[in-house]
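User: Hi! Could you walk me through a protein model, one question at a time?

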Amino acid sequence: MELTFYIAAAVATLATIMTITRYNIIHALLYLVVSFLAVAVVFFTLGAPFMAALEIIIYAGAIVVLIIFVIMMLNLTHEDVDKEKEWLTPKVWVGPAILSVVLLAELAYIILVPNTQPTEALVAVDARLVGMSLYGPYMLGVQLCGILLMAGIVGAYHLGRQKKKVVHRFLQPKEERSAAI
């Protein structure tokens, strides 16, 4: 189990570095998903399967979908779509695919090899206890995270909406532009 922890931590570190250094947002998003999955494996090896599931559901699921929605709201033109098709070559998928296969092999090893360590110190945490602590002493943090996410959504919508207005104004026929001035 200790070896799987170190391998998952190395994959998470490498994927995070690759996320930061990519210029293309789609490439960075692929490495970000691999990083989130690696952190979930780290949580699982530390004996927190519920936290690992939350990591996958919340981060690798919801946050990545939110980033995809922001990309969609930016209203890319046909040239941007053609450029994106050039970027999505098979060599783009090699790095994240290799890191994902390493994580899959680790997860298979963890599940298939019996655990020989004593488990007397493990305490099961159910969803009720997590909910009570999130909406109990950590209520302010949960509310601040919700406000931050809402501000990001509103800001992304505003940026996408402003770009649409500018594009539509320049795409009007010449007669309509002169009448509007």
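User: Which way is the crossing of H1 and H5 handed?

Analyst: This is a predicted model, where local features need pLDDT of at least 70, side-chain atom pairs count only at pLDDT 80 or more, and totals for chains, interfaces and linings use all residues. Residues are numbered from 1 along each chain as its sequence is written, and side-chain values use heavy atoms, leaving out hydrogens and water. Helices here are DSSP runs (H or I, at least four residues), numbered from the N terminus. A crossing is left-handed if the near helix is turned anticlockwise from the far one by less than a right angle, and right-handed if clockwise; for H1 and H5 it's left-handed.

User: Is H1 roughly parallel or roughly antiparallel to H5?

Analyst: Helix H1 (residues 2-21) and helix H5 (residues 90-112) pack at about 160°, with axes 10 Å apart. Those axes are lines fitted to C-alpha atoms over the stretch in contact, and angles run from 0 to 180 degrees between N-to-C directions. Angles under 35 degrees count as roughly parallel, over 145 as roughly antiparallel, 65 to 115 as roughly perpendicular and the rest as oblique. So H1 is roughly antiparallel to H5.

User: How are the rings of phenylalanine 36 and tyrosine 59 arranged as a pair?

Analyst: Rings of Phe, Tyr and Trp (its six-membered ring) pair if their centres lie within 6.5 Å; planes under 30 degrees apart are stacked, over 60 edge-to-face and the rest tilted. The structure holds 2 aromatic pairs. In this one, the centres are 5.4 Å apart and the planes sit at 35°, so the pair is tilted.

Methods: Helix = DSSP H or I, 4+ residues; strand = E, 2+ residues; numbered from the N terminus.
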